[in-house]
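These are my notebook entries on what I looked up in this structure. I began with the relation between copies of a chain and then turned to contacts and helix packing.

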Protein chains: 6
Amino acid sequence: MEAEKKRVLVVSAHAVDFVWRAGGTIAQYAKNGHAVKIIDVTLGQRGESESLWKNRPGISEEEVTDIRKQEARRAAEVLGAEISFYDMEDHLLTFEKTDIMRLALDIRKFHPGIVLTHSRYDPLNTDHDNVHKAVIAALRIANVTGTFPEIPPTGQVQIFTFEPDQPDMCKFIPDTIIDVSDVYGVKLEAMKQVPTQAFMVETYGRRTAHRGSLAIRFKKGIQYAEGFARVRPMWESSLTERRGGEMILQSL
Amino acid sequence: MEAEKKRVLVVSAHAVDFVWRAGGTIAQYAKNGHAVKIIDVTLGQRGESESLWKNRPGISEEEVTDIRKQEARRAAEVLGAEISFYDMEDHLLTFEKTDIMRLALDIRKFHPGIVLTHSRYDPLNTDHDNVHKAVIAALRIANVTGTFPEIPPTGQVQIFTFEPDQPDMCKFIPDTIIDVSDVYGVKLEAMKQVPTQAFMVETYGRRTAHRGSLAIRFKKGIQYAEGFARVRPMWESSLTERRGGEMILQSL
Amino acid sequence: MEAEKKRVLVVSAHAVDFVWRAGGTIAQYAKNGHAVKIIDVTLGQRGESESLWKNRPGISEEEVTDIRKQEARRAAEVLGAEISFYDMEDHLLTFEKTDIMRLALDIRKFHPGIVLTHSRYDPLNTDHDNVHKAVIAALRIANVTGTFPEIPPTGQVQIFTFEPDQPDMCKFIPDTIIDVSDVYGVKLEAMKQVPTQAFMVETYGRRTAHRGSLAIRFKKGIQYAEGFARVRPMWESSLTERRGGEMILQSL
Amino acid sequence: MEAEKKRVLVVSAHAVDFVWRAGGTIAQYAKNGHAVKIIDVTLGQRGESESLWKNRPGISEEEVTDIRKQEARRAAEVLGAEISFYDMEDHLLTFEKTDIMRLALDIRKFHPGIVLTHSRYDPLNTDHDNVHKAVIAALRIANVTGTFPEIPPTGQVQIFTFEPDQPDMCKFIPDTIIDVSDVYGVKLEAMKQVPTQAFMVETYGRRTAHRGSLAIRFKKGIQYAEGFARVRPMWESSLTERRGGEMILQSL
Amino acid sequence: MEAEKKRVLVVSAHAVDFVWRAGGTIAQYAKNGHAVKIIDVTLGQRGESESLWKNRPGISEEEVTDIRKQEARRAAEVLGAEISFYDMEDHLLTFEKTDIMRLALDIRKFHPGIVLTHSRYDPLNTDHDNVHKAVIAALRIANVTGTFPEIPPTGQVQIFTFEPDQPDMCKFIPDTIIDVSDVYGVKLEAMKQVPTQAFMVETYGRRTAHRGSLAIRFKKGIQYAEGFARVRPMWESSLTERRGGEMILQSL
Amino acid sequence: MEAEKKRVLVVSAHAVDFVWRAGGTIAQYAKNGHAVKIIDVTLGQRGESESLWKNRPGISEEEVTDIRKQEARRAAEVLGAEISFYDMEDHLLTFEKTDIMRLALDIRKFHPGIVLTHSRYDPLNTDHDNVHKAVIAALRIANVTGTFPEIPPTGQVQIFTFEPDQPDMCKFIPDTIIDVSDVYGVKLEAMKQVPTQAFMVETYGRRTAHRGSLAIRFKKGIQYAEGFARVRPMWESSLTERRGGEMILQSL
């Protein structure tokens, strides 16, 4: 069982949302030999590339897009994940029915057991809400036979939403905390591949450490952590226990 | 790691609350060699023994208490759990400071990694709320050195609240579902040790099957299940995945 | 069935909380021949008698209590309800176990089908919270045989909580709106029996009209209404529709 | 008043959602001479017809649709309800503005007093959410004169949302429980008209009994029940009471 | 700082939603020399003009639109605000991506510091929800450089949602109460410019007084008030205090 | 108005809860000449003094209490606040009626306009909940004339609850963020007065910086911040905008 390879899909609204919010978790999966694929819906070319627009007057949207795509590619590579691009328009990112069917088909083909994506409500950035809703819709479509009868449907996928930039405004309360202490160096390296949003390295470095210091009351020695909220409850074979400051996840 | 013995404490307000709500989970722990201890705070002598009061006019509270204690003992034995009694008064069950300190001391001595108890809000039965609050208070007291300096404090305990009789009124939404299909026969046998509340066998038999049929969309082959809600988030080493209709809980 | 007499119990924290919040509903029950009993836990002698304390320097708590008791009596009489007094201390009103048992016993003896009382959370007045919790606890005690074996237990009582003074702060959202247009004159007359809180006549007159004007979108001709929130769901024989004579749902 | 004929509209996302979730309530209305009309938005041809897709390789979407339409027709007939079909595409079911206007016009023509439909949030099936939102939007459009000036607008309609497949994940808490014991045989017969989803007969049979056993604490003799949540509060002439284990719904 | 001119944008779904819900606050801004601009998305020609449709059979949608536009213009003028019209269709009001981009561009050009608009959830009127969502989406687009690189982006805008017609159904709980006592005459005058909805003058007059009487417990002398709910938390230099029945908003 | 002296009361469950959670805000008040008084209900002698109990075997509760009292005194002094001690027992801290009356009397005498205290729900530490409830109860008692007729009652006090140690578990969502950048040095110095909990300096230093980095999206230049949640809504004379000198809302 230890040897089984997990398939993890990350759906990210903008260029490198996946790095700040889930870079450590992605790195951990990759490091342990699991398959991680990122779908980058947009490059955040309009709305998350302030330094380019401000510092290089006259820059075109295409140029911004190219720069961000390279950053996203390098960050994904550092984390050990495959990445593909939908090249959609951000700010405002909307999903037509055909876009959701495309996503459903890609999910079906990749056949993930786990999906990481944005949370449901973000009053600061509608693109994030829209990605969440598209993923939820697509997961159901990928899970039933009759939509793409020629391709085997997925199983029920476990969905984890990542912590938004302003969790309080988004009413985001994590119910699952992932210890990323041992791969934090990788996350840091990935964050450094994104000079367009260089200030985020400090912000999200501090946040990852803050999550770690919240968790240290419960898990001895943790330094860095990332928080997620499940969309669905857990089905377990037994209630789990942590002992002696260590986390022990085991089945009966 | 497989061999490590867990210590599970169940705090039950009335005689056999623990059987209806968590009997399968308790049986599963016991079957796998873990130590389960039940603290039965009252025998439900006044408020959960209707058939005795109705069918045996003139019965005394002491007689009712004795009958219920025997039922509780037999049920615990069938499940494979140790049981101890606080012999407090039910309807209304209230906790003075000394009662909470007693509970804290017992928790400290037993040193559990997991606690199962009532949920936080039950507008139909204040005894249940009061047990929840007492357990929450006691867990903290058991966890700090200075309250009983001579006894080593517990670690941080994972708390699971069990499903109340009327979950909707209690705003109870389970976030963890335990598959008890393989020990359901034991739960059924334990329920049958309680003739005073004989009608509950059908009610809770149906409920355990209902929880199972809700879960079958997510876990192939499940027949019986019990639902719990965590008080605290989970700390994990990795996000977990279920594959092919099976639940796979593993660490990286 | 039309002829069946209902038994309605109102538990009011202070002198005339019952008038402002539920006076119209009480009057309507009484007018239709049902039995309404008010338990007045305190006279609001310390905390809801500002004009007496301010305008009559040196007045004693006993004098205030007497004046308020007379007001409460007159108001209850106008509404057509019986009233009894617990003469407990307000600000802070606390319930010992014996106080809750007393309330349970009185509930058992009165044998109500409906209870009206304060809502669960009032960050402006802890006395209100405490009455709510005491009523919830007492209702269960009154409902089980073994607490007072010599007196038949009540059935399951339908509980309605009345609108608090500051509903928004109390997170109070009514789910049941009672049309009191035809008895508003009685409510007004009852409110006028309370010179100690004379300013409330305008405040609660306006509120009762405001609730009416919210409801007029749904029921033609309604002028005055009172709002309540249920603690338990409704059990019905069919989903109700209000068309024609009784309940008129139509646009303006 | 007994003789007044109610008009009940049921809007169902897929083939026979209406049977599992509200079949007993529909049967009860029909049995009592009320007019029930079902609008079946899709036949669940892609997403709720797994056995057809799995057991009959190469089956076309048209064939699946035909089979499901016949099942839906037979089930509606057994329940005593009229049914009409929108023949829209499921998985993903989306509503364009023209689709909502069509629904509004049909609502206006049918002129219901009660509407039963899906609940607001279903993270497992976006089609359900989308139907809920379309119904809410259409009800307002049907209620104002200026949208279809030639047809009289509806009154304010009472909306009840039915229990979703996974109520906990949908944060669905019923506030109205309908006793369907006396028509359960009809519901069972209707469920048996749907061989494509034969496994649901056991699942929803158990659920209907489970809802009944939850309610039995409040209504003597209830065996089967269905749960609903209102979107709007109730306007009543008086607070209702249950007595002696019986539910008594009466006006003053 | 007193002299600084604020820029306030009001986005109103229908003709004069802005008058009933925020007329006093708008008048207060205008009176103090701040710039208030109203964007009227529709004229409520179909859904909020019942008296015209009912009393003038055969009236055309264009005629209704014209009448309502004049009312809206006169009301805005009385309040002291600029108004512009989008002339979109109401009931159902939907926003295509281009509509949201238009709104974003207008926000960018007006460069507000404060936005007043509808709240997030209105199960009685989907047009209101849709305006809320469009405004939230547009504010982000207006705030980032790359969407309209030639126009300076706005800062972070403080958003206040106004009280809906049926606040309880909309789960609306105000967190900010504005004292409009000194400009209530202006609001009343503005309301009188709208004969099509003449009955609203009494309804919203009473509501504004009701909000005032709720607030009087906290602010001496207040008579009329309007309630708002923030979408985002406040950033402050110090916690604020009210003293002696007066509200004192000051920095350290 | 600038010159008016505010009176700020801080009620802290344990020794220096006030330092970690609100030290910057306290320092800011004090620096600006306002009167800040801390009531320290316990010294956290049992439950928040782990290092003393662990490193000095055999230490008595009295010795621990003395050490913690000195730390609290020094920290208060650094912040510029007065401090008084109730010397109650922690873990479990409970409030009898007489304790609440004592607190009410002290509030009445101090006559605060602002109170800072613990939030309402803390499943990790019941002492915190109990302090919150005691403060809420006491504030009402302090606000009515008849409880202590000889002392003038307080006005309505604005209550702010401070961020708990584990905000997510406590469902704490701040609605008010205080910029403490300019007094962070003072907070740091105060934190250093508490060698018993030396590890907290890093934890809460990081948290204060984390709150600052969340806020920087909304206020330029902010470095350190503390979060609070109001219990009551705000009453304001106008909706506030923060532009220019005082509050700068702009994108990065």
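**Entry 1: the axis.** I looked up which residue of chain E comes closest to the rotation axis, and found E:Glu96, at 6.4 Å (C-alpha). The rotation is one of 120° with 0.0 Å of shift along its axis, and it superposes chain E on chain D with an RMSD of 0.0 Å. That is the relation of a three-fold axis. Copies are superposed by least squares on the C-alpha atoms of residues with pLDDT of at least 70 in both.

**Entry 2: conventions.** I note that the model is predicted, that local features need pLDDT of at least 70 and side-chain atom pairs pLDDT 80 or more, and that totals for chains, interfaces and linings use all residues. Residues are numbered from 1 along each chain as its sequence is written, chains are lettered from A and ligands numbered from 1 in the order in which they are written, and side-chain values use heavy atoms, with hydrogens and water left out.

**Entry 3: chains E and D.** I then looked up the contact (heavy atoms within 4.5 Å) of these two chains. Chain E gives 16 residues to the contact and chain D gives 18 residues. The buried area (accessible area, with a 1.4 Å probe, that two parts lose on being put together, summed over both) is about 1600 Å², and carbon and sulfur atoms give 61% of it. On the chain E side, E:Leu92, E:Leu124 and E:Met169 lose the most area to chain D, together 30% of what that side buries.

Entry 4: I found no contact between chain B and chain E, whose nearest C-alpha atoms are 17 Å apart. Chain D and chain F do not touch either, and their nearest C-alpha atoms are 17 Å apart.

**Entry 5: helices 3 and 6 of chain A.** Helices here are DSSP runs (H or I, at least four residues), numbered from the N terminus. I found helix 3 (residues 61-79) of chain A packed on helix 6 of chain A at an angle of about 170°, with their axes 8 Å apart. Axes are lines fitted to C-alpha atoms over the stretch in contact, and angles run from 0 to 180 degrees between N-to-C directions. The two helices are therefore roughly antiparallel (an angle over 145 degrees) to each other. In the contact, A:Ala75, A:Val78 and A:Leu79 of helix 3 of chain A meet A:Val186, A:Lys187, A:Glu189 and A:Ala190 of helix 6 of chain A.

**Entry 6: helices 6 and 7 of chain A.** Helix 6 (residues 184-191) of chain A also packs with helix 7 (residues 199-215) of chain A, at an angle of about 160° and with axes 10 Å apart.

Technical notes. Angles under 35 degrees count as roughly parallel, over 145 as roughly antiparallel, 65 to 115 as roughly perpendicular and the rest as oblique.
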